[in-house]
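Subject: Structure handover

Dear colleague,

Please find below the structure that I am handing over to you. A summary of the findings follows it.

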Amino acid sequence: MVTEAEKQRLLEREAATIPRGDVYIVEERCKGCGLCIAFCPKKVLVESDRINEKGYHPPELVEKPPVDVCINCGFCERICPDFAIFVKEKKVNNSEQ
Amino acid sequence: MPIIKADKYPLDPYLRTERLPHVWCPGCGLGIVLNAFLRAMQKLGMDPDKTVVVSGIGCTGRTAGYVKMDSFHTTHGRAIPFALGIKAARPDLNVVVFSGDGDLFSIGGNHIIHAARRNIDITVIAVNNFIYGMTGGQLAPTTPETSITTTSPYGNLESPFNMAGLMAIAGASYVARWTTVHARRLEKGLEKALSKRGFSFVEVMSPCPTAFGRRNKMKGIIDSMMYYQKYAIIKDNPNPLDGVIKPNEKFVIGEFMDAEDEPTFDDKLWELTKRDFLETSQADRAKWILEHRRHLETLATLIAGENIAPQEGEMDE
């Protein structure tokens, strides 16, 4: 038996969207320090095999994220000392999630 | 989905992008502090044309070269006197001193104490990496006891400065300490410091993996950051005297001081100029204005809020 309050709560949860982000990188500025990889709460970043102009390995997205995809929290852009990585909110429909 | 390549960064309007990537080592916290400062500026909507960044010598001193505003890379330890000069001559500008612990507290130690005592309306961002980083990791007055540096191979025997405590006692209006791991809180703290009238001081503990970390059991780039995350305690209104940092012990971060608005040094200086103008007889005012014409733009900005603008006809000669 689902109570009225609980039904309301479930409906609200359906309406609420979890924000999603796109990750951008200015590759030639990256120094491969790995802070964005270490501090990403959803663990969506990993060191890539490619090298940039200066010979560092910039990060790339994991193919199958262990926890979740990017939620646009913006911590990688704040922890990046090199002004290289940033996120932008991605517009998504409820039905797609 | 691959990572998207970009050629522009959202903070680029505030940066001299032609000079990037900057000289700081991989994993250095200075970029994080500069990032937080520019974000705070952006959020407050501060005009880059009305902001001056002054820095001294050292790794942190390089900041002045990367911001797209008027900036001064001053002589060693003298960032504060330069900033005081700018603020005294142009009270309408926002003056930010961005310098390191060695520059501000060792070479320029006296200047910062007296700047806090005078309560000049400037914001000081002191990046504390516990060491003289640029010259090769020598012992600084902020190095924690027993830490190993190139000039203290058997461990530091001296007690370090409690920078935040010293500033709070010397008379600063706003004193806070954050670390580079607490990037969001740091950004909020800088926002508060920039909008505060009076002497505001923000100490940022920043890792130096090259010169400090690797000699003190924080070998990797991420180790120092993890150390701050593990040992920092965030407190509400902590006692400034509790701000001493000891290795492998918990340390306090937070807002040590948030005083009420008090008259600042440049306020008093402006009062003096105003009194001088008002005491000048009506006949001599045009002459007074001509004598001060080099400062007319500044005076006009200040007069706009004071309603002592010269009456019509006074300027005619």
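**Strand pairing between the chains**

In β1(B), B:Lys5 is the bridge partner of A:Ile25. Please note that this is a predicted model. The bridge belongs to a pairing of β1(A) with strand β1 of chain B, residues 4-5, which runs in the parallel sense over 2 bridges.

**The contact between chains A and B**

Chain A places 22 residues in contact with 29 residues of chain B. On the side of chain A that touches chain B, the elements giving two or more residues are β1 (20-25), α2 (35-39), β3 (59-61) and α3 (75-79) of chain A. The most is given by β1(A), with 4 residues. By residue class, this side of chain A divides into 13 nonpolar, 2 polar and 7 charged residues.

**The sheet of chain B**

Chain B holds an open sheet of 8 strands with mixed pairing, in the order β3-β2-β4-β5-β7-β6-β9-β8. Its edge strands are β3 (70-73) and β8 (232-235) of chain B, each of which pairs on one side only. On average, neighbouring strands of this sheet are turned by 20° against each other, direction ignored.

For B:Ala176, the bridge partner in β9(B) is B:Glu255.

Helix α6 of chain B, residues 183-195, packs on the sheet, where it touches β5 (123-128), β6 and β7 (200-205) of chain B. The direction of this helix makes about 160° with that of β6(B).

**The domains of chain B**

The domain assignment divides chain B into domain 1 (12-258) and domain 2 (265-304). Taken over C-alpha atoms, the centres of domain 1 and domain 2 of chain B are separated by 36 Å. Where the domains of chain B meet, 9 residues of domain 1 are in contact with 7 residues of domain 2. The side of domain 1 of chain B that touches domain 2 of chain B comprises 3 nonpolar, 1 polar and 5 charged residues.

With kind regards

Key: Residues numbered from 1 in each chain as written. Chains lettered and ligands numbered in written order. Predicted model: local features only at pLDDT ≥ 70, side-chain atom pairs only at ≥ 80, totals over all residues. Contact = placed C-beta atoms within 7 Å. Nonpolar A, V, L, I, M, F, W, Y, C, P; charged D, E, K, R; others polar. Pairing = 2+ DSSP bridges. Axes fitted to C-alpha atoms, helices over the stretch in contact; angles between N-to-C directions. Domains from an automatic or database assignment.
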